[in-house]
Every structure is written in C-alpha cells, then in structure tokens.
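User: I would like to learn how to read a structure made of packed helices. Please take me through it one feature at a time.

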There are 2 protein chains.
Amino acid sequence: MPLSREKIAATAIRLADAHGLDGLSLRKIAKELGVGPMRLYDYVINKSELLDLMVDVVYARIAEVGQRSGWRDTVLAVAHATRAATLDHEWFSDVLGGRPHLGPHALAVGEATAAALSAAPGVRDLDDLQRAVGALNAFIIGSVRREVTERRTARSTGTDEAAFQASLGPYLTRMLKTGRYPTVARLVIDGAHLNAEETFNHNLTTILDGITRRRPT
Amino acid sequence: MPLSREKIAATAIRLADAHGLDGLSLRKIAKELGVGPMRLYDYVINKSELLDLMVDVVYARIAEVGQRSGWRDTVLAVAHATRAATLDHEWFSDVLGGRPHLGPHALAVGEATAAALSAAPGVRDLDDLQRAVGALNAFIIGSVRREVTERRTARSTGTDEAAFQASLGPYLTRMLKTGRYPTVARLVIDGAHLNAEETFNHNLTTILDGITRRRPT
DNA sequence: GTATTTGTGGATACACCGTACGGTAGCGAG
DNA sequence: CTCGCTACCGTACGGTGTATCCACAAATAC
C-alpha cells in the first residue's frame, strides 16, 4: 500500500501516544512505515506541518460530536470531547494553545463553539462573543493541560502514596514541613481525592454561568 | 567571577528571551559564559533541571507582588503579575501547566493565591478551594498561552493586515470564504481590535464572580 | 623538597535529531 | 532508440544532550 499524508499522520499519532512528543522523530516514523526518513518529505514540508496534521486528526474526533439541541449542550459536548480526546492523546495537551489551530477540523470545532456561545444569553455583541470564546478556551486549555501533567507525574512517581512520598516526597515534604506553605500543604495532603471529571464539569458550569450572567457595560 | 546556578539560569533566561526555548541549547549557554559545555553539568543535573531553575526565577518575580489587603486584590495582583512576567519571557508560556511547578517561589505564589481564595466568599471547604484554585489557574494558563501565541504569529506574519493577508491569508481566507465557518469568520475579520489586557481583566473578574457566587451543593 | 593524591576544567565521542542534496531507476514522448 | 522527467533513495551536514576520559594544578603526606 502506498504512502499518504493520512497514513503518516496515523502512525505518527500512534507513536506519539506510546512514547510522547519528545520520543517522536521522523526517523522512527519512517522506520515504522518501512521507508527511508526522506520519503516523508514527499508528503510533508516540515515536522511542524506533520504536527499540524496530527493535531487536526484529533480535532476531527472532537468535531464528531456535532450540534446539540441547545447552545449549552453543544458547548458542554465540545468541552468534554476535547477533554476526552486529550486524555487519549496526551501529547495533544503539549500543543494545545501553543500554536494557531487552523486545520479544517479545528476551525469546525471553533465554529461550533463560537456559534453556540453567540446564542448564549448575556452575549450581546461581537466583543462579548470574543471574550466568551477566549474565556472558555482558556479554561479548557488550562484544565486539560493541568490534568495531563498531574497524570504524568502520578504515572512517573507511581500511583500509591508510598511511592509518591519516596520520589517527590523528600523534596516536597521537606518544603511543606517548613510551614511557609500551609494552604498548599493542606491541599496536597488531603485534597487529592477529588474526581477529575467532576471537577472539570463543576468549573465548566461555573465559567458558563459567569459568561451568561449579564453584567453592566 | 565563578560560575553559579544563578548565573547559569540568568544567562539561560536571557538567551531564551532572545531566541525562544527551541533556540536554547546548553552549548550556547556555555559559549555565552565562556566555558565548555560540560562545565554546566557541575551545577545542574539535566537540561530539564535548568529549565526548572529558569521557571522558578520567573516565579520569584511573580511572588514579589506580595500580599494585598483583600483576597480579591491579592488574586488580581498575582494574575496580572503572571501575565506580565509571561509577556516578558514568552518561553514561560511554553512551560506553563506543562510540568509541576515545585520550586520555592512557585510554591510561594501557589500559597499566596490559595490562601487568598480560601478567604473568598463562596469557598467553604477544602473541596471548594481546590476547585477554585484549579479554575483560576486553568484560566490564567490558557489565557496567557493564547496571548503569547497570538503575539508570536502576529510577529511572524507582520503586524499590518496586508502582510497578514499575504502570509496566512491564502489559506485562511480561502477557508473562511467557504462559508462553513461564518462565526469564526466574523470573529477574525472585525474582532481583532479588542485590547488584550482589558479582555484578560474582564474574563478574570468573570471567573472570580463565578467562584464567589454561592451555589447549591 | 619530593611524591602522591585529589579535584577541577576541557576535549573528545556517542547516539540521535531534522533536513539539504545528489544520484539513480523507471517511464512516457518524440 | 533516445531524451527528458518524475519518483524514489542513501548519504551527509550541522546541530543536540550527555558520558567518559584526560591533563594539569593545587593540596597534602612523608
């Protein structure tokens, strides 16, 4: 079977899922495809263009959720789809917000959320819409990024608290024992039990409530 | 004058400010300091540890704002300091949320915001506090990241709209002309005039209002 | 004063990266 | 048959982070 942009992007995504974005190289992709490294440059200008390709494949999955009945359901669906896709492809979080997303599917989800938000109460003109889109996207990007980071450190240190105390503990517990960070200490020590998805949902509705509430100009 | 972690971090920050994180290499730092590349490994274990060092230097600047009178003033001050520091050191946005911030100064600003938020109305228990901190940080991370990205593309394409139309235009305008993204098109075409700081401020107060509003459990 | 140890800075080397470049083999047109 | 063209391919270059070895100087032991 011949090479194609889609095939290259697909195996690149597979490799990135397995070994992260740092462990991804054109040489490994080419080897996985059974061709020389330079073959890829017949289909892709740059490594960064390949990245854009991979990103838009993920956005295609997000765009699949399509339109829902109400504006709020649509926004919620897109947000949750974004979170789910990012948790499936953790490298996506490394790129979220770090480059302009201009692929066709990225534009499609941008259009879907913008159109939905423009129908939200409290969004009266284009300026309101721009702010609302900005706030929502900022929250999604930051949330998902944080969750992936937490998951990574949890994986690298080991899930159980004993291994955690053994790896990050020596430094972190020493820091927290200084008493200079009492609130952070309380948060770290007995604040880890919260469900991630529930937290995401909770904060998401908080944001949406804030957006829809009419404010004085 | 002898080498030191501080000196290495300082010149690394200077180079990263000038040429970005991708253009930063241990060899260049060493050359800038007039030593061999391997000398740096006497002061730093990894390149990633050096990055952590640089990050905490920036957090030190953020932590300088110190405590304000009310919880809201404190949160606003920290948020604006974070934004200002990131705009001064754009590479900081590439790292924001992408790794755990455990340096002493990072913990200090974490403590400051957490302590302030714990005094906010509507934050009743530790779970509320954790969610509030998460929402606020997510917003700040996402906002600042987006702003830096926009600034970068604006710089690479040229500020004026003619150059923009010439570089990204051929693709983007063709995409927008398809009519599949009407809302995005409206946002792009005449939505660029909004002031970034004002938008940040506006959305920040929106988030804080959402947090402080008491909700049913 | 000489010998030995110790530590500090430097150079070299390795594996890997993205990608520029030159060559070669197949193939349709004249 | 020959010629030009296109599609593939291997090699090579300049760069990266980092491990290892080595020379030399300072300090210590006798």
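User: How many helices and how many strands does the secondary structure of chain A come to?

Analyst: This is a predicted model, in which local features need pLDDT of at least 70 and side-chain atom pairs count only at pLDDT 80 or more, while totals for chains, interfaces and linings use all residues. Residues are numbered from 1 along each chain as its sequence is written, chains are lettered from A and ligands numbered from 1 in the order in which they are written, and side-chain values use heavy atoms, with hydrogens and water left out. Helices (H or I, at least four residues) and strands (E, at least two) are DSSP runs, numbered from the N terminus. Chain A has 11 helices and 0 strands. Its pattern along the sequence is α-α-α-α-α-α-α-α-α-α-α, and its C-alpha trace spans about 55 × 55 × 25 Å along the principal axes.

User: At roughly what angle do the axes of helix α4 and helix α6 of chain B cross?

Analyst: Two packed helices are described by the angle between their axes and the distance between the axes. Axes are lines fitted to C-alpha atoms, for helices over the stretch in contact, and angles run from 0 to 180 degrees between N-to-C directions. In chain B, the axes of α4 (residues 71–88) and α6 (residues 104–118) cross at roughly 150° and come within 8 Å. That makes α4(B) roughly antiparallel to α6(B); angles under 35 degrees count as roughly parallel, over 145 as roughly antiparallel, 65 to 115 as roughly perpendicular and the rest as oblique. The crossing of α4(B) and α6(B) is left-handed, a term for the near helix being turned anticlockwise from the far one by less than a right angle, with right-handed used if clockwise.

User: Which residues of α4(B) and α6(B) meet?

Analyst: Contact means heavy atoms within 4.5 Å. From α4(B), W71(B), T74(B), V75(B) and V78(B) meet A112(B), T113(B), A116(B) and L117(B) of α6(B). The residues of this contact divide into 6 nonpolar, 2 polar and no charged. Here Ala, Val, Leu, Ile, Met, Phe, Trp, Tyr, Cys and Pro count as nonpolar, Asp, Glu, Lys and Arg as charged, and the others, Gly among them, as polar.

User: Is the crossing of α1(B) and α2(B) left-handed or right-handed?

Analyst: It is right-handed. The axes of α1 (residues 5–19) and α2 (residues 26–33) of chain B come within 10 Å and cross at roughly 115°, which makes α1(B) roughly perpendicular to α2(B). Among the residues that meet are I8(B) and L15(B) in α1(B), and I29(B) and L33(B) in α2(B). This contact has 5 nonpolar, 1 polar and 3 charged residues.

User: What area is buried between chain A and chain B?

Analyst: Buried area is the accessible area (1.4 Å probe) that two parts lose on being put together, summed over both. Between chain A and chain B this area is about 5000 Å², and carbon and sulfur atoms give 64% of it. E111(A), R131(A) and R145(A) supply 13% of the area that chain A buries against chain B, more than any other three residues. In terms of contact, 59 residues of chain A touch 59 residues of chain B.

User: How many salt bridges are there between chain A and chain B?

Analyst: There are 2. R131(A) forms a salt bridge with E198(B), and their closest N and O atoms are 3.3 Å apart.

Technical notes
Salt bridge = Lys/Arg side-chain N within 4 Å of Asp/Glu carboxyl O.
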